[in-house]
Amino acid sequence: MTHVITSLCIRDGACVEVCPVECIVPGPKDGDWPIFYIDPDTCIDCGACVPECPVDAIFPEEDVPDDFAGDIELNAAFFTDGPGYWAYNLEEERVRE
Ligand code: SF4
Ligand code: SF4
């Protein structure tokens, strides 16, 4: 299982700072991937990112609300079909400090 970032994400980057396996990656801010994403193949389901999110955008996969069900596949697709891991600068990619 994995955790999933939904489209509620406001790109503040707090989750990135606590993930013990560094599996949360922002979509390039000016590109086609508007939020941050969790690599489902690397996430260890620890839940550390959930309380850090100021807008409650992160859910265990089994608890993703129906309205955001499509985000489950998008998180995976970011790593298989999208930018995936890239050499980003978190301070430049986050929207607010
Ligand atoms: S649940 Fe844990 S391992 Fe998975 S993305 Fe969140 S902090 Fe990282
Ligand atoms: S903590 Fe929440 S709002 Fe901030 S980048 Fe992570 S998922 Fe997005």
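A residue counts as buried when 20 or more other C-beta atoms lie within 10 Å of its own. By that rule, 28% of the 97 residues of the chain are buried. The model is a predicted one.

Start with the overall fold. The chain holds 3 helices and 4 strands. Read from the N terminus, the order is β-α-β-β-β-α-α. The C-alpha trace spans about 30 × 30 × 25 Å along its principal axes. How does the radius of gyration fit a compact globule? For 97 residues such a globule would have a value near 13 Å, and the chain has 12 Å, so the two agree. Among contacts with a separation of 6 or more, 77% join residues 24 or more positions apart.

Now go inside. The largest nonpolar core has 18 residues. Ile5, Cys15, Ile24, Phe36 and Ile38 have the most contacts inside this core. Which elements give two or more residues to the core? They are strand E1 (3-5), strand E2 (24-26), strand E3 (36-38) and helix H2 (70-80). E3 gives the most, with 3 residues.

Leaving out residues up to four places away in sequence, Cys15 touches Ile24, Phe36, Cys49, Glu52, Cys53 and Ile58. Two of these partners, Ile24 and Phe36, are also named with Cys15 among the core residues with the most contacts.

Cys15 leads on to ligand 2. There are 14 residues around this ligand. Cys9, Asp12, Ala14, Cys15 and Cys53 come nearest. Cys15 and Cys53, both in that nearest group, also touch each other. What is the make-up of the shell around ligand 2? It divides into 10 nonpolar, 1 polar and 3 charged residues.

Finally, turn to the backbone in two loops. Arg11 has a phi near 60 degrees, a positive value in a residue other than glycine. Arg11 sits in the loop between E1 and helix H1 (14-18). Is Arg11 buried or partly exposed? Arg11 has 15 other C-beta atoms within 10 Å, so it counts as partly exposed.

Asp56 is not a glycine either, and its phi is positive too, at about 50 degrees. Asp56 lies in the loop between E3 and strand E4 (58-60). Asp56 has 10 C-beta neighbours inside 10 Å and therefore counts as exposed. The cut-off for exposed is 12 or fewer.

Terms used: Residues numbered from 1 in each chain as written. Chains lettered and ligands numbered in written order. Predicted model: local features only at pLDDT ≥ 70, side-chain atom pairs only at ≥ 80, totals over all residues. Rg over C-alpha atoms; globule rule 2.2 N^0.38 Å. Contact = placed C-beta atoms within 7 Å. Near = placed C-beta within 6 Å. Nonpolar A, V, L, I, M, F, W, Y, C, P; charged D, E, K, R; others polar. Core = buried A, V, L, I, M, F, W, Y, C linked by C-beta atoms within 7 Å.
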